Amino acid sequence: MNRSAYLRRQKQMGRRLFGVFPAQYPREIFWAMNTVPVEIWDPPLLTANANAHLQPYICSVVRSGLELILQDKTRLLDGFLFPHTCDSIQNLASIVNDYLGLEIPCCFFYHPKAPFDKGARDYYLSQLKSLTAELENHFGPMDPDAFKQRVDQGLDMQERLGNAYEMRRLGELAVSNTSFYRNIRLAEYLHPDDFISGFETFLAVSKNENLKGPAVILSGILPHPEILRLLDQQGVRVVDDDLLNCNRRMPLRLLKDQDPYEILVENYFAMPPCPTRGSPIQERLDFMKDKIRNTHVQGVIFCGIKFCEPEWFDVPQMVAALKDAGLKTLLLDLEINEPLSGQLATRVEAFVEMIS
Ligand code: SF4
């Protein structure tokens, strides 16, 4: 079932749908309120109308998200959530909420930025509770038992995703890069009951041993399907990533606690360093070096999105530090939904030849 058909089916089952822009947010609160959060990263659309509302230097993630709304393809949704990820998402939030005159709720989620101290934890907890209160205002009270159940289910999901990455790292998953990321990214819109059962089958049928071949790490915002396909063709395995929409949102340790809010707070602060949460560059460098040590990769591919400010501030220092450490790096400046140019494809092929 494709994404649209799946979402229509969710509505028929009596669930609400919420469009969620990148990147970090507490999806468990939505699940507990019989709502499926549907993340909007790279809808496959040609941009026709959004350009009139945005400056030319806004990233294609925001551009295509706005296009989706302007083309009236969000009719199924019962609301939007805009996390405070970057200035571009903030601007988008204000265009959608203040100027488009939509008749569904637009909610905002202001998560804290580093440096994180005790105040940051209290603040994050208060943000979680105000989001719950706002949703309750629109849709009625949240059942505390359902909340606890969904938070535990979120932990279960994270654990399975973590296992999948570990198997990938050890060469025990016999699937292409394309298939791996297609399955990981189903978490962006599937209800957790469906994701968990489907993912279990995926891992069971994909289990294998000792896959060989050159290995790389991807860094950036999200995996570009054509890069994955090219790497598949060349026999290169992506064994780990530092992508905002994938591994960078997976907590490094999972707290099992009685209080569901405490679990959500703990998980937020246990996520890997990220420029959209204000992490210092040194933390990112140390984290990336650990990843490299654990995976024994031959190179790192930086899949940058054009005009993504938070990411591009860090990239030059990351590339320089990895080069100093003797790693091969490839730096790509991409647009989502645009085919890879011949020149970029040649650069990827040359990089693969160098690391092979
Ligand atoms: S790609 Fe970068 S600038 Fe665009 S929404 Fe994501 S974090 Fe913000």
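Mentor: Start with what sits over α3 (60-70): the cover on its buried residues includes β3, α4 and β7 (299-305). Here, cover is a matter of contact, meaning heavy atoms within 4.5 Å. This is a predicted model, so local features need pLDDT of at least 70 and side-chain atom pairs count only at pLDDT 80 or more, while totals for chains, interfaces and linings use all residues. Residues are numbered from 1 along each chain as its sequence is written, and side-chain values use heavy atoms, with hydrogens and water left out. Helices (H or I, at least four residues) and strands (E, at least two) are DSSP runs, numbered from the N terminus.

α3 is mostly covered, with 10 of its 11 residues buried; buried means under 20% relative accessible area, exposed over 50%, and partly exposed in between (1.4 Å probe, protein chains only). Arg63 and Glu67 are among those buried residues, along with Val61, Val62 and Leu66.

The shell takes in Cys59, Val61, Val62, Cys86, Ser88, Ile89 and Cys308, where being near the ligand takes a heavy atom within 4 Å of it. At least two shell residues come from α3, and at least two from α4 (87-99). By type, the shell has 6 nonpolar residues, 1 polar and no charged; Ala, Val, Leu, Ile, Met, Phe, Trp, Tyr, Cys and Pro count as nonpolar, Asp, Glu, Lys and Arg as charged, and the others, Gly among them, as polar.

Now for β3 (79-83), part of that cover. Since 5 of its 5 residues are buried, the strand is largely enclosed by the rest of the structure. In a regular strand, side chains alternate between the two faces of the sheet. β3 has Gly79, Leu81 and Pro83 buried on one side, and Phe80 and Phe82 buried on the other.

β3 belongs to an open sheet of 4 strands, ordered β2-β1-β3-β4 with parallel pairing; two strands pair if DSSP finds at least two bridges between them. β2 (35-39) and β4 sit at the edges, each pairing on one side only. From one strand to the next, the twist averages 30°.

Going through the pairs, β1 (16-20) and β2 run parallel over 5 bridges, with Gly19 opposite Val38. β1 and β3 are parallel over 3 bridges, and there Val20 faces Leu81. β3 and β4 (106-109) are parallel over 4 bridges, with Pro83 partnered by Phe109. The chain gets from β3 to β4 through α4, a right-handed β-α-β crossover: with the strands pointing away from the viewer, the path from the first strand over the helix to the second runs clockwise.

And the helices on the sheet? α4 touches β3 and β4, its direction making about 150° with that of β3. α5 (118-139) touches β1, β3 and β4, at about 170° to β4. Those axes are lines fitted to C-alpha atoms, for helices over the stretch in contact, with angles from 0 to 180 degrees between N-to-C directions.

Beyond its neighbours within four places in sequence, Gln127 contacts Phe109 and Tyr110.
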